[in-house]
Amino acid sequence: MRDISEHTAGEDLIIKTSVRLMVPFIQVFGLYVIVHGHYSPGGGFQGGVILGASFILLALAFGMKTSQEYMTIHVNAVFNNLGPAIFIGVGVLCALFGGLFLDYSALDKLIPLGPVEWRSFGIFLIEVGVGVAVMSIMVLLYWNLSSGGAMDEGL
Amino acid sequence: METIIGEVVAKYNYWIYVVLMMIGFYAMIGKRNLIKKLIGMNIFQTSIILFFVSTGVKKGGGIPIVDKYQALAGHVEAASTVNPLPHVLMLTAIVVGVSVTGVALAVLQRIYQEYGTLEEDEILEKLQR
Amino acid sequence: MKSLALLATLVTGALLLYGTKDFPAWGDPQAPASTYLSPVYIEKAVEQTHVPNIVTAVLGDYRGYDTMFETVVIYCAGMAVVSVLWRRKEE
Amino acid sequence: MIWQIDLMILTLVVVCALVAINIKDLLGASVVFGIYSFLMCLLWAEMGAVDVAFTEATVGAGVSTIFFIAAILRTTRRSKD
């Protein structure tokens, strides 16, 4: 039983419990939106923003330190660079296998699935790249904006 | 008379987009608070995106997700699906817009640390001293 | 100052309203924007990429350059925010 | 496309835009701007642009509002106009 005086606004039991329940489902939904973007509305941007929003929700409910336990600043920095690197890497790989830049059907020489199937799969690969980039950049923007650049405390 | 009603029914959407753009434009050049200017910029941007998306609308057209097997058999007509090209262009425009908003808010925080206010006239006063 | 801003807004709005006179009717299937390139996308996208969502197909394949540089723009925004707001922790 | 729903949402959008730029409290302005984004998302879903509507619902109404609120809490809430 805690004293009422140490009960601050950021430590509400209902908010903490509901966020703890909601965050895994939000992340699964974000992954679903990324991988199911071929058949329904969705894709890299939307899924990446939903994944980033789950970390922002953790930071809102438990404080910025807790969200940085799940995604540390170094992991975030790696993801920042990994997203555009996946995208450009797929394009360069296409060029290396004899096609044009970002012409995914050239990757058929790597694993023979058929050029049309490779175009579908190449779109999936770059959606993953976009999703990773958008997720980490949104979390980085939130950390910086809400703590004034120190990335240690704040909202 | 009937031509005027036909004109109104055909064009009222465009007129409301122009009204939204005017609201955003007035907030950008008339308001003195910098965050108000930023909200005005977002309204301006949204009205332009709205205009672009509305150029792709076809009356009676479905959403741009087609049935795979019907499309492979060649049964999809262009007139029964809305134009997907403006959607693609505006999808990137929205995400670039939120990046621009983030950078602008970061610059606003630096301005507040430096001058202690977000009002344009007070900042100009402090700059001249 | 405010009246000047209002005047500028009204003049711009009047010009744009005058410009809507030449637009095609709203929702016209024969509008110029809907007849040039997009029928090709709608009819050929599934056949060429096996992706039923045409927006994803155009975004990822036909306009891949656009999306790539858009990702680079987001990356630059993140780096810009870090470099604008960066401050060292006080020891 | 039902023109009654269309006209109603367009009116609400214009009202929300006017309120968002005229309200004195900046926190209130950003929340009203979030409502504006949701109405805009509804308008796009009604036009058949489902991908754009989804993006606006996540980016414009979700993350953008949070950025505004975070920046306002680091700076000031008051505004003179």
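With a relative accessibility of 6%, A:Leu102 counts as buried, since the cut-off for that class is under 20% relative accessible area. The model in which this residue sits is a predicted one. A:Leu102 belongs to the loop that runs between α4 (73-96) and α5 (115-147) of chain A. The backbone here deserves a look as well, for A:Leu102 has a phi near 65°, a positive value in a residue that is not glycine. Most residues other than glycine have a negative phi.

The relative accessible area of C:His50 is 17%, and because the cut-off for buried residues is under 20%, C:His50 falls in the buried class.

Chain A contains 5 helices and 0 strands, and reading along its sequence gives the pattern α-α-α-α-α. The chain is more spread out than a compact globule, because its radius of gyration of 20 Å is well over the 15 Å that the globule rule gives for 155 residues. Along the principal axes, the C-alpha atoms of chain A fill a box of roughly 70 × 30 × 20 Å. Of the 155 residues in chain A, 48% count as buried. Among contacts in chain A with a separation of 6 or more, 56% come from residues 24 or more positions apart.

A box of roughly 45 × 25 × 10 Å, taken along the principal axes, is filled by the C-alpha atoms of chain D. Buried residues account for 60% of the 81 residues in this chain. Where contacts in chain D join residues at least 6 apart in sequence, 61% of them link residues at least 24 apart. The accessible surface of chain D is about 3100 Å², with 73% of it on carbon and sulfur atoms. Chain D has 5 positive and 6 negative side chains, and 24 Å separates the centres of the two sets.

D:Met40 lies in helix α2 (residues 26-47) of chain D and counts as buried, at 0% relative accessibility. Leaving aside residues up to four places away in sequence, D:Met40 touches D:Val13 of its own chain, together with B:Leu20, B:Thr46 and B:Leu50 of chain B. D:Met40 and D:Ile2 are 38 residues apart in sequence, and their C-alpha atoms are 16 Å apart in space.

Chain B also meets chain C. The contact takes 49 residues from chain B and 48 residues from chain C. Between them, chain B and chain C bury about 4400 Å², with 74% of that area on carbon and sulfur atoms. Of the area that chain B buries against chain C, 11% is supplied by B:Tyr26, B:Leu85 and B:Val88, more than any other three residues supply.

An asparagine in chain B brings the account back to a loop. B:Asn83 lies between α3 (68-72) and α4 (85-115) of chain B, in the loop that joins these helices. Its relative accessible area is 2%, so B:Asn83 is buried. Not counting residues up to four places away in sequence, B:Asn83 touches B:Gly56 and B:Lys58 in chain B, along with C:Ala33, C:Ser34 and C:Ser38 in chain C. B:Asn83 and B:Leu124 are 41 residues apart along the chain, and 47 Å separates their C-alpha atoms.

Note on methods
Residues are numbered from 1 along each chain as its sequence is written. Chains are lettered from A and ligands numbered from 1 in the order in which they are written. This is a predicted model: local features need pLDDT of at least 70, side-chain atom pairs count only at pLDDT 80 or more; totals for chains, interfaces and linings use all residues. Side-chain values use heavy atoms; hydrogens and water are left out. Helices (H or I, at least four residues) and strands (E, at least two) are DSSP runs, numbered from the N terminus. The radius of gyration is taken over C-alpha atoms; the globule rule is 2.2 Å times the number of residues to the power 0.38. Buried means under 20% relative accessible area, exposed over 50%, partly exposed in between (1.4 Å probe, protein chains only). Contact means heavy atoms within 4.5 Å. Buried area is the accessible area (1.4 Å probe) that two parts lose on being put together, summed over both. Accessible areas come from the Shrake-Rupley method with a 1.4 Å probe; for residues, only the protein chains shown count as cover. Lys and Arg count as positive and Asp and Glu as negative; His and the chain ends are not counted. The place of a charge is taken as NZ of Lys, CZ of Arg, CG of Asp or CD of Glu.
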